[in-house]
Amino acid sequence: MSAPAPTELPAGLDDLSVWPASTARLPEGHVSVGGVSLADVADRFDTPVYVLDEDEVRARCRTYRAAFPDADVLYAAKAFLSRAMVRWIDEEGLGLDVCSAGELELAVMAGFPAARTVLHGNAKSPRDIETALRLGVGRIIVDSPSEIARIAALVGSDGRQKVMVRVVPGVSAGGHEKIRTGTDGQKFGLSLTDGSAQHAVARVLGQPQLELSGLHCHIGSQITDVRPYLVAVRRMVGLMARIKESHGITFPELDMGGGHGVAYRPGESALDLTSLARRLGRELSSSCAAAGLPVPRLAIEPGRAIAAPAGVALYRVLAVKHTGSTVFVAVDGGMSDNPRPALYGARYAPRLIGRPATAEPVAATVVGRHCEAGDVLAADFLLPGDVRPGDLLAVPVSGAYQLSMASAYNLVGRPPVVAVHDGSARLLVRRETQEDFRRRDVGA
């Protein structure tokens, strides 16, 4: 019997608009990224595996530098960090935003200048602060009143450390309530509305060991509309004007954070970076002029927008199950390597690769291998109706907040990260093994 004829994929299933720019279709249903066949990556490194396109990362860094030539662009390390990523960010002229001593130490170990980093965190540990001071971090973002005296004491009488105060400007923005950080009632920052931010500024100014270089805010994540940033700028400038009136000082810096949204599925919106740069700069200039303030140097902190579109996750199908009207496609990864769908409903667009489709598409739910009903990677997404165990699924826009948030749930090791560039693939982060788990378990 002859093999079924390949079925032409519908336009939606063959849409590569959210994939890295280097993505190319190959014969027999294969796809390459960075000049490397993804099926070859899966065969060489096994699955699950993350593929990171170095050229895509660098191109996105350059796009930011071009859009914001007079601003400080700080890559948000929490999105994804490795020694190679540190090197790429450094070589492309970006700064770094870190959230722990661990992230900072990795960056410095990889050769990144600590002076071009800022340290975040709503509850910084003594080790976080001590490490930042020892390594010479550029800025520490003050997130609570108790940090002020603690930082000053650790700086010592002969030292001086630049800090910024994180302000909650009362702006609601972001793709999900769990990633909205610009409003009162959540754990980050100091409120503009209840006077906490102004009080913190006064306390910092009373510490001679601390130099208050400016204000900081971060209104949320996965934001695709420019307007919330403009509202936040106006409110931050308003606070700067009140501080000048009360204390007679002006700030040389204003950090507007990140949260720049990307498209995870074809047809979804992404934040227009050119529009953001133009309108943010215009709003900052006009607001400062109206308030009689000099325009501070702007800083922004993109993470997802640089890393996410550069990554592709590869999985093998382990089982296909028809339960009522639902087709479940179970893969060899899941919430241990990507908790985002379970945490805040992230939606992805998986694609069958490595062979031609031979059946019409059906609505399927791609699930993971873990013992949780919420272990779902993509719900109700079209896949070829002949999807079967052994098939290879590729999930684009997987470069951010996946491996960095991964866990050891069910003692399934975290996947490796493989960089592709100019037709070659190399291992950046090795796979976590059972031997790693055994070595950590030292009790008896």
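In this predicted model, Arg 355 is buried, with a relative accessible area of 13%, and Asp 391, with which Arg 355 forms a salt bridge, has its closest N or O atom 2.7 Å from that partner. Asp 391 also counts as buried, at 6% relative accessibility.

**Salt bridges**
- The structure holds 26 salt bridges, and one group of linked residues forms a network made up of Glu 54, Arg 58, Arg 62, Arg 87, Glu 91, Glu 92 and Arg 426.
- Glu 147 forms a salt bridge with Lys 124, the closest N and O atoms being 2.9 Å apart, and this pair links distant parts of the chain, with Glu 147 in helix α6 (residues 145-155) and Lys 124 in the loop between β7 and α5, 23 residues apart.
- Glu 147 counts as buried at 1% relative accessibility, and Lys 124 counts as buried at 5%.
- Arg 25 pairs with Asp 14 in a salt bridge whose closest N and O atoms are 3.1 Å apart; Arg 25 is partly exposed at 48% relative accessibility, and Asp 14 is partly exposed at 23%.

**Strand pairing**
- Strand β5 (residues 72-76) has four of its five residues buried, and two bridges join β5 to the parallel strand β13 (residues 297-300).
- β5 also pairs in the parallel sense with β6 (residues 95-98) over three bridges, and the β-α-β crossover from β5 through helix α3 (residues 83-91) to β6 is right-handed.

**Helix α5**
- Thr 131 lies in helix α5 (residues 126-135) and is buried, with a relative accessible area of 3%.

Conventions. Residues are numbered from 1 along each chain as its sequence is written. This is a predicted model: local features need pLDDT of at least 70, side-chain atom pairs count only at pLDDT 80 or more; totals for chains, interfaces and linings use all residues. Side-chain values use heavy atoms; hydrogens and water are left out. Buried means under 20% relative accessible area, exposed over 50%, partly exposed in between (1.4 Å probe, protein chains only). Two strands pair if DSSP finds at least two bridges between them. A crossover is right-handed if, with the strands pointing away from the viewer, the path from the first strand over the helix to the second runs clockwise. A salt bridge is a side-chain nitrogen of Lys or Arg within 4 Å of a carboxyl oxygen of Asp or Glu.
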